Amino acid sequence: MELQTLILGAGAAGMMCAAHAGPGTLVIDHAGSPGEKIRISGGGRCNFTNMHTEPGCFLGTNPHFHKSALSRYTQWDFLDLVDRHRIAWHEKTLGQLFCDGKATQIVDMLRGEMARAGAQLWLQTSLAALDHDGARFTMMLDRDGQRRIVTARNLVLATGGKSIPKMGATGLAYDIARRFGHAVTDTRPALVPLTFTDKRFAPLSGVATPVAASAGGARFEEAMLFTHRGLSGPAILQVSSYWREGDPISVDLLPGIDLGDRLRGLRKTHGKRNVTTGLAEMLPERLVDHLAEELPLHGNLGDLADRRIDAIAARIKDWTLTPTGSEGYRTAEVTLGGIASDRIDSRTMMSRDVPGLFVIGEAVDVTGWLGGYNFQWAWSSGVAAGQAAAARA
Ligand SMILES: Cc1cc2nc3c(=O)[nH]c(=O)nc-3n(C[C@H](O)[C@H](O)[C@H](O)COP(=O)(O)OP(=O)(O)OC[C@H]3O[C@@H](n4cnc5c(N)ncnc54)[C@H](O)[C@@H]3O)c2cc1C
């Protein structure tokens, strides 16, 4: 079978690429259905893009690499596609756009776009062997217990990252990229809960509070959730992408509040009240109990000297914690790092060294913040590669 383009991986990026790659396109995936991560994303409603998408919301060794693809297929282009398919959506918070209904609407939309473009989809198909003669890729595929040989002018690596191995994540794109001489950066789980081996927060499990969490020079103001094993919630998932083992994170438990001023005010008006009672007006009670032991906090507000108030405020506004690890790829939403972008053309996503070899989506060393940014990268890089592959016809 002779193809123009073979796309490895029917996830977000692979399907979007197939919809733009022109005639003679086949997408293969070892899973039984395409877009499984789309289906489970956003709590089943898929946070499919973010209105505030801009290059600063992405991490990667080269902070400029992702600019071209993101500017040529934007969040508004994807929203236009969603609207054309009459999929109802809403903004949840911070520019995050979700389906009103099920995430499978997005999968169906992409399948529809692929069918319209004439792309074929082979599921439960895996790559058994791969060869390249300088002009065409020859691949042996295993499908339905049969071995098929296909040749293609273009090969697109779209098998994603390592997160959630239970869902079929593999490092295939990394292996193939390495084989063709591309470097792969160190990879690590990102957008992932952080853990503490001493389980110090187990008694607080289930408590959530708005915070500003900081690590590695980044700061995110969102909710934090205490879990049995540590810390989670959007603020923590966001900083996990910037955190490294051994480093502390800083949590401002009362962002936007001048706690020193507040406590001085309470000292005047409610001097007989216990400090913990005063704090419980601003923070969840169970958290105040925990802080009362850790700081420690005791006595009446009226007895607090200015120095003590400043010390309490400093601790609560800059609560410094050193996680021992993360929940790892088992629950990480994405993989930080990936195929190095230095030898990839940012406009086309094609290898500078192997004409016809493309890499897209999460497999590449581009990682978005939480909030729809990772899907937008999958759509933008997929379109860039699809259009470039079609242009090589
Ligand atoms: C629980 C969860 C929720 C998420 N929610 C959001 C969200 O709401 N918004 C957002 O922007 N991002 C979200 N993400 C991240 C987002 O899902 C990914 O960034 C995005 O799916 C990456 O797209 P991709 O096409 O590169 O990879 P994937 O979507 O992972 O697709 C890769 C495909 O390749 C296939 N594959 C892998 N290995 C092989 C192999 N060896 N042979 C054949 N096929 C193979 C897989 O089966 C899969 O279909 C979430 C991730 C998780 C895990």
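Trainee: What should I keep in mind before starting?

Mentor: The model is predicted, so local features need pLDDT of at least 70 and side-chain atom pairs count only at pLDDT 80 or more, while totals for chains, interfaces and linings use all residues. Residues are numbered from 1 along each chain as its sequence is written, and side-chain values use heavy atoms, with hydrogens and water left out.

Trainee: In what order do the seven strands of the open sheet run?

Mentor: Start with the terms: strands (E, at least two residues) and helices (H or I, at least four) are DSSP runs, numbered from the N terminus. Two strands pair if DSSP finds at least two bridges between them. Here the order is β17-β16-β13-β14-β15-β12-β18, with antiparallel pairing. β17 and β18 (325-326) are the edge strands, each pairing on one side only. Further in, β14 is joined to β15 (residues 230-232) by two bridges, and Leu225 stands opposite Ser232 in β15.

Trainee: Which strands of the sheet does α10 touch?

Mentor: Contact means heavy atoms within 4.5 Å. Axes are lines fitted to C-alpha atoms, for helices over the stretch in contact, and angles run from 0 to 180 degrees between N-to-C directions. α10 packs on the sheet against β13, β14 and β17, and its direction makes about 80 degrees with that of β17. α11 also packs on the sheet, touching β16 (249-252) and β17, at about 115 degrees to the direction of β16.

Trainee: Which residues of α10 are buried?

Mentor: Buried means under 20% relative accessible area, exposed over 50%, and partly exposed in between (1.4 Å probe, protein chains only). An α-helix has 3.6 residues a turn, so residues three or four places apart point the same way. In α10 (residues 285-294), the buried ones are Leu287, Val288, His290, Leu291 and Ala292. Their packing partners include α9 (275-279) and α11 (306-317).

Trainee: Which residues are closest to the ligand?

Mentor: A residue is near a molecule if one of its heavy atoms lies within 4 Å of it. The ligand has 28 residues around it, the closest being Ala13, Asp29, Thr170, Glu362 and Phe375. A polar side-chain atom of Asp29 lies 2.5 Å from a ligand oxygen atom.

Trainee: Which helix supplies the largest share of the shell?

Mentor: That is α12, with three residues. α1 (12-18), α2 (36-40) and α12 (373-391) each supply at least two.

Note on methods
A polar contact is a pair of N or O atoms within 3.5 Å; within protein, one must be able to donate a hydrogen and the other to accept it, and residues adjacent in sequence count only if both atoms are side-chain atoms.
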